[in-house]
Amino acid sequence: MEHFFIIANENKDPDRKLTYRIRDHITACGKKCSIREQTAKKNGKAYTDSNLLKEDVDCVLVLGGDGTLLQAAADLADLSVPFLGINLGTLGFLAEVNKDDFEEAFSRLLAGEYEIENRMMLCGCSYAPGQKREKDNTRALNDIVITRKGSLQIITFAISVNGQFLHRYSADGIIVATPTGSTGYNLSAGGPVVDPKARLMVVSPICPHSMQYRSIVLSPEDEISILIETGHDGAVQEVEAIFDGSHRVTLYTGDRIVIRKSDKTTGIVKLNKVSFFEMLNRKMCD
């Protein structure tokens with residue numbers, strides 16, 4: 001690897017001291033380093049312009065936490081460039097390198113002592129009756145969450161898989177997660193933990209209004225369609241589809257969102273010899 005691009009969480013490194021220290025270390029090792037310019041995120045759109053990355057960038061260094069890396073992965077999903085997360089917050093599953101251990105980690109990186117895990121992503125496209133609402137598919141590395149917007153209403157929606165009706169839910173929402181996202185909101189909602197290298201989708205209801213509702217594991221080739229139905233009081237429902245906790249799309253009664261495996265993956269650089277299961281044990285013991 002010769003050229004590195006740094007994306008830093010401006011709230012966690014506001015004066016860029018760490019960013020510049022890492023840049024200086026990289027250049028001292030004879031490698032090239034670029035830094036994302038500080039630009040505000042506008043209208044829920046990407047704050048990292050993929051056009052800023054030169055064609056010769058070999059790796060994106062993300063300074064922050066798992067949330068920062070998720071945002072970067074969504075912004076740069078069209079580029080085949082791996083990500084290395086530098087953790088500036090609490091223990092994360094994606095940002096595995098501690099900021100104080102960067103020099104040692106970078107030495108291993110330059111020595112080729114790493115692996116790249118290609119993580120599955122989701123894409124979702126919302127439709128109003130008879131037409132597409134979104135111009136493009138929106139991607140997510142962790143999950144797509146359909147949840148209530150505004151009042152504390154119960155959401156009623158129907159799920160179909162590959163055109164076949166599966167189930168009608170009344171709940172606070174629904175989570176469609178990747179294996180990477182299985183340790184996030186999905187886990188909090190009682191969903192199963194999945195090895196991040198797997199290829200599958202997990203559908204988990206959020207606070208379902210029945211004791212019989214359980215998570216469902218689906219094939220990566222499946223297509224999930226979620227139809228927003230009329231509320232229990234006959235009123236039009238207004239909900240949100242949230243992609244990795246960032247990009248939001250408003251849906252109404254009669255609208256649907258179609259979710260499938262994306263044709264893009266996210267490459268995660270793995271330097272740590274700690275296994276996923278050991279990391280999971282540490283996280284669950286915190």
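**Close-up views of a predicted model**

View 1. Among the elements covering the buried residues of H2 are strand S1 (3-8), strand S3 (59-64), strand S4 (83-87), strand S6 (115-128) and strand S18 (256-270). Keep in mind that this is a predicted model. Look for Thr68, Leu69, Leu70, Gln71, Ala72, Ala73 and Asp75, which are the buried residues of H2.

**View 2. An open, antiparallel sheet.** Here 6 strands line up in the order S14-S13-S12-S9-S16-S17, with antiparallel pairing. Strand S14 (216-218) and strand S17 (247-252) form the edges, each pairing on one side only. On average, neighbouring strands of this sheet are turned by 20° against each other, direction ignored.

**View 3. Zooming in on S12 and S13.** Strand S12 (residues 173-177) and strand S13 (residues 201-206) run antiparallel and are joined by 5 bridges. A handy place to start is alanine 177, which sits opposite valine 202 in S13.

**View 4. The largest nonpolar core and a separate one.** The largest nonpolar core has 27 residues, and Ile146, Phe157, Ile224, Ile226, Ile257 and Ile259 touch the most other members. Strand S10 (residues 155-161) supplies the largest share of this core, 4 residues. A second, separate core holds 21 residues, including Ile6, Ala8, Ile35 and Leu63.

**View 5. Around isoleucine 146.** Which residues is isoleucine 146 in contact with, leaving aside its neighbours within four places in sequence? They are Asp172, Gly173, Ile174, Ile226, Ile228, Val239, Glu240, Ala241, Ile257 and Ile259.

Terms used
Residues are numbered from 1 along each chain as its sequence is written. This is a predicted model: local features need pLDDT of at least 70, side-chain atom pairs count only at pLDDT 80 or more; totals for chains, interfaces and linings use all residues. Side-chain values use heavy atoms; hydrogens and water are left out. Two strands pair if DSSP finds at least two bridges between them. Helices (H or I, at least four residues) and strands (E, at least two) are DSSP runs, numbered from the N terminus. Axes are lines fitted to C-alpha atoms, for helices over the stretch in contact, and angles run from 0 to 180 degrees between N-to-C directions. A nonpolar core is a set of buried Ala, Val, Leu, Ile, Met, Phe, Trp, Tyr and Cys residues joined through side-chain atoms within 4.5 Å. Buried means under 20% relative accessible area, exposed over 50%, partly exposed in between (1.4 Å probe, protein chains only). Contact means heavy atoms within 4.5 Å.
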